[in-house]
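My notes follow the display.

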Amino acid sequence: PLTDATSPLATDPDAPVKKDPTFSNRSSLDMATLATVDDGLPELPDGYDESRIVLMPRDPQWAYAYWDVPNAHKEELRSQGGRDLALRLYDASDVDLNVQSAHSMQQYYTDEMARSWYLPIPVSDRDYIAELGYLTPDGRWLVLARSAPAHIPPVFPSDWIEDQFLTLDWTEDLRGQTFATLIPPGMARPTVAGDSPIHDAIFARAGETNALRVAGSLFGSMQQVPASALSSFAIPSGLTELPGVPAPNFSGLNMSGLNMSGVGFSADFVPPRPRQFWLVADAELIVYGATEPDATVTIGGKNIELSPDGTFRFHMSFQDGELDFPIQAVASDGEQTREVEMDFTRETPQRNTNTKDEADLEWFE
């Protein structure tokens, strides 16, 4: 701390320092006020007597759900046959679950004491809805609560790269006003009020830089450039036919690369770009039911494990063709049997799919 000539520290560093009584009294008063700020307030309740579930995205791979359901509501559904508490995650993109089926559904059994759950997301950039409810032994689903739709962000970077620069007055009232409208990629950018020469210069420079970057990636290795790319880039006649695009200098061309010092691109010229695309789709068959907990159940001759309450759920791959599905339950003493036989037929009239590892680069203008 700074001292003046009249301060005791200026002449005697060992002199005692007096505390400001005003500051000390004020600190004691503040501490006493904070210590009693909760006096008279009731304890927070364990619940709010309202069945509610909330679904929130954590990241593109995970979502977080939390809920509050009164015991009276749970007892009501248990009296209707509800046995197992479960959490369902629906892909509800562009559908109304009240009148339409979800694109997909994942189910997770939860504990009666649980109040929240982390859910893995199968496909990002989709709308999801969470439901909490009970499963009955006969396969019915009794809903306790349903969340509002939540959009999971994409796992890949957005291709929306449009930037708009505006100059607004410091005193401008921004409430209820629209100064610019963003448009999807690929459409012409409209003229925006407030565009300036600086704005245009920045966009022109960005376009030139991006064109050189893409061209450099194309010509970085001549062994990787397909014939379609060479016909539109490396042939001088092809380049000279493009307005504003000078032909490249081929003095530096060899199998290791292309001398980019002789290549120029207009800011408005977009070169071809490679892109990978893939799709994997299939179907599975789900068979479920219930019987006595000590019975033996077989599906197609294979023993099926039963839950403690006698319910079972079996998943299997469902390929093209006919599938004969005999299901049999035998009592523990072997004296009684019940059976059902189901026939399923699947047909895939068209398939054009490939895995991510099989995806090849495709070139687009």
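**Ground rules.** I am working with a predicted model, where local features need pLDDT of at least 70, side-chain atom pairs count only at pLDDT 80 or more, and totals for chains, interfaces and linings use all residues. Residues are numbered from 1 along each chain as its sequence is written, and side-chain values use heavy atoms, with hydrogens and water left out.

**Helix α3.** I looked up α3, residues 71-79. Helices (H or I, at least four residues) and strands (E, at least two) are DSSP runs, numbered from the N terminus. Which residues of α3 are buried? I found H73, K74 and L77. Buried means under 20% relative accessible area, exposed over 50%, partly exposed in between (1.4 Å probe, protein chains only). An α-helix has 3.6 residues a turn, so residues three or four places apart point the same way.

I then checked the face turned away from the buried side, which carries exposed N71, A72 and S79. The buried residues pack against β3 (84-91), β6 (127-135) and β7 (141-146). Just after α3, G81 has a positive phi of about 110°.

**Cores.** A nonpolar core is a set of buried Ala, Val, Leu, Ile, Met, Phe, Trp, Tyr and Cys residues joined through side-chain atoms within 4.5 Å. The largest one has 22 residues. Its residues with the most contacts inside it include W67 and L132. The largest share, 4 residues, comes from β6. A second, separate core has 12 residues, among them L285 and F312.

Notes: Contact means heavy atoms within 4.5 Å.
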